[in-house]
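Please look through the sequence and the model shown here, and then follow the explanation below one part at a time.

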Amino acid sequence: MFASRSVAIHLLRGAIGVAAIWSAIRFGAEHPWALVVSVAVMLLAFGGCPTCWIMGLCEINSRKATPPS
């Protein structure tokens, strides 16, 4: 449910989410609208919260570890 099609896509989504978090921290106090946009981008990139992103990464790894039946 939280997994992407590949690990590379999932890691790219994670990098975008981390960049959005950094942007929110860096520019949020000076520009409140940037905080709102950054949080929205972070939620879209992670597919929810960072924990949801980590669950998706675990799902990708478990899907690759189990052989198809």
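S23 is buried, its relative accessible area being 18%, where buried means under 20% relative accessible area, exposed over 50%, and partly exposed in between (1.4 Å probe, protein chains only). S23 belongs to helix α1, residues 7-27, helices being DSSP runs of H or I with at least four residues, numbered from the N terminus. Leaving aside residues up to four places away in sequence, S23 touches G28 and S38, a contact meaning heavy atoms within 4.5 Å.

This is a predicted model, in which local features need pLDDT of at least 70 and side-chain atom pairs count only at pLDDT 80 or more, while totals for chains, interfaces and linings use all residues. Residues are numbered from 1 along each chain as its sequence is written, and side-chain values use heavy atoms, with hydrogens and water left out.

In helix α2 (residues 32-46), the buried residues are A34, S38, M42, A45 and F46. Seen down the axis of α2, these buried residues fall within an arc of 85 degrees, so they line one face of the helix, the arc being that of the directions from the helix axis to the C-beta atoms. They pack against α1 and α3 (50-65), whereas the face turned away from the buried side carries the exposed residues P32, W33, V36 and L44. After α2 comes G47, with a positive phi near 75 degrees.

A search of the whole structure finds zero disulfides, a disulfide being a pair of cysteine sulfur atoms within 2.5 Å. The sulfur of C52 lies 3.4 Å from the closest cysteine sulfur, in C49, which is too far for a bond.

Terms used. Helices (H or I, at least four residues) and strands (E, at least two) are DSSP runs, numbered from the N terminus.
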